[in-house]
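Subject: Structure handover

Hi,

Here is the structure for you to look at. My notes follow below it.

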Amino acid sequence: MIWGTAYTVFDVAMFAVTFLSLSVLVNPAILMVGYGVAGLATIVVFTPGGTGVYETIMIIFLSMAG
């Protein structure tokens, strides 16, 4: 449980650092919600291993969030 939480926090932090390196300020809450939505979407897909679904959902969600 602790390692799963740490993994998620560091994964979201990686997105935040990536946006900061591009000089784009993003609300961390939006990143967390987008990460969760993309994670849930990979559960219900029919492609092997959720190929491409996670990335597509993240792109759509982050572009809609601004």
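Start with the helix pair. The axes of H2 and H3 come within 9 Å and cross at roughly 145°. Axes here are lines fitted to C-alpha atoms, for helices over the stretch in contact, with angles from 0 to 180 degrees between N-to-C directions.

Before the rest, the ground rules. This is a predicted model: local features need pLDDT of at least 70, side-chain atom pairs count only at pLDDT 80 or more, and totals for chains, interfaces and linings use all residues. Residues are numbered from 1 along each chain as its sequence is written, and side-chain values use heavy atoms, with hydrogens and water left out.

**The H2 and H3 contact**

Contact means heavy atoms within 4.5 Å. H2 contributes Ile30, Leu31, Val33, Gly34, Tyr35, Val37, Ala38, Gly39 and Ala41. H3 contributes Val53, Tyr54, Ile57, Met58, Phe61, Leu62 and Ala65. By class, that gives 14 nonpolar, 2 polar and no charged residues. Nonpolar covers Ala, Val, Leu, Ile, Met, Phe, Trp, Tyr, Cys and Pro; charged covers Asp, Glu, Lys and Arg; the others, Gly among them, are polar.

**The aromatic pair**

A search of the whole structure finds 1 aromatic pair. The ring centres of Tyr35 and Tyr54 are 6.1 Å apart and their planes stand at 85°, so the pair is edge-to-face. The cut-offs: centres within 6.5 Å for rings of Phe, Tyr and Trp (its six-membered ring), with planes under 30 degrees apart stacked, over 60 edge-to-face and the rest tilted. Tyr35 sits in H2 (residues 28-41) and Tyr54 in H3 (residues 53-65), so the pair ties together parts 19 residues apart in sequence.

Tyr35 counts as buried, at 14% relative accessibility. Tyr54 is partly exposed, at 22%. Buried means under 20% relative accessible area, exposed over 50%, partly exposed in between (1.4 Å probe, protein chains only).

**The whole chain**

The protein has 3 helices and 0 strands. Helices (H or I, at least four residues) and strands (E, at least two) are DSSP runs, numbered from the N terminus. The C-alpha trace spans about 35 × 30 × 15 Å along its principal axes. Of the 66 residues, 18% are buried. Among contacts with a separation of 6 or more, 40% come from residues 24 or more positions apart.

Best wishes
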